[in-house]
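Me: Before I rely on any label in this structure, I would like to see each one set against the rule behind it. Could you take me through them in that way?

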Amino acid sequence: MPNFKTISSSDPIKEIIKSAFDMDVDLIGGWGYTQESATIIHSTNDLPVEQFEHTLTTMRAYIEMNMTLEASQRYGSINPTETKREVITMKDKTYHKVYYEITAMQEDLYAKFINEYKSGYGIADFDMSEHFKRRKKATLVRQVVHWFRHDFV
């Protein structure tokens, strides 16, 4: 499995998100790799908190797995799924340690699968079952943790 680099920018997280995704977010802290670098959420912009966390984890994954890599190494179809959540209270602060399984596929390979599907769909000799088996085999699966703290104002 590729070794993806963690985000190491010293720029505020909300500025990076605004620049990369054109989204205004009310948060501070870090990218949530550890409890000390937890992403501190002040507001979820009226989204359910789990959906907002999922959005932030997806953004983090896109930066790590796509935006900071050479074109030939980029991943697409990046999809985090929450698998577990722990609520931890320390020093009067409550943290959410959220575990995600992220699936993704290299962009060029994903594009080939999409084109194969589009050109084969509806054709009698197109083996859709075999197509999806090969797609599954080509899919990268990684486990990550994202630490959050909710400081809603």
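**Labels and their definitions**

Reply: Among contacts between residues at least 6 apart in sequence, 61% join residues at least 24 apart, where a contact means heavy atoms within 4.5 Å. The model is a predicted one, in which local features need pLDDT of at least 70 and side-chain atom pairs count only at pLDDT 80 or more, while totals for chains, interfaces and linings use all residues. Residues are numbered from 1 along each chain as its sequence is written, and side-chain values use heavy atoms, with hydrogens and water left out.

Me: What makes up the pattern of the protein along the sequence?

Reply: The protein has 4 helices and 5 strands, and read along the sequence they follow α-β-β-α-β-β-α-α-β. These elements are DSSP runs numbered from the N terminus, a helix being H or I over at least four residues and a strand being E over at least two.

Me: How do you know that strands β3 and β4 pair, and in which sense do they run?

Reply: Two strands pair if DSSP finds at least two bridges between them, and 13 bridges join β3 (residues 75-90) to β4 (residues 93-106), which run antiparallel. Gly76 has Met105 as its bridge partner, and Met90 has Lys93. The hairpin leaves 2 residues between the strands, and there Lys91 takes a positive phi near 50°.

Me: Which residue of β5 stands opposite Lys97, and over how many bridges do β4 and β5 pair?

Reply: Lys97 stands opposite Trp147 in β5, and β4 pairs with β5 (residues 140-150) in the antiparallel sense over 10 bridges.

Me: Why is Thr94 called partly exposed?

Reply: Buried means under 20% relative accessible area and exposed over 50%, with partly exposed in between, using a 1.4 Å probe and protein chains only; Thr94 has 33% relative accessibility, and therefore counts as partly exposed. Thr94 lies in strand β4 and, not counting residues up to four places away in sequence, touches Val87, Ile88, Thr89, Phe148, Arg149 and His150.

Me: Why is His131 called buried?

Reply: His131 has a relative accessible area of 0%, and so it is buried. This residue is found in helix α4 (residues 128-138), and it touches Phe113, Glu116, Tyr117 and Phe126 when residues up to four places away in sequence are not counted. Of the 153 residues of the protein, 37% count as buried.

Me: How do you know that the length of helix α3 agrees with its number of residues?

Reply: The expected span is 1.5 Å times one less than the number of residues. The 14 residues of α3 (residues 107-120) should therefore span 20 Å, and the end C-alpha atoms are 20 Å apart, which agrees. Just after α3, Gly122 takes a positive phi of about 90°.

Me: What lines the largest pocket, and what is its make-up by class?

Reply: Among the lining residues are Phe4, Lys5, Ile16, Ile63, Glu64 and Leu69, and by class the lining has 5 nonpolar, 4 polar and 2 charged residues. Here Ala, Val, Leu, Ile, Met, Phe, Trp, Tyr, Cys and Pro count as nonpolar, Asp, Glu, Lys and Arg as charged, and the others, Gly among them, as polar. On a 1 Å grid over the protein atoms alone, a pocket is an open set of points where a 1.4 Å probe fits, with protein on both sides within 12 Å along at least five of seven lines, and lining residues have an atom within 4 Å of a point.
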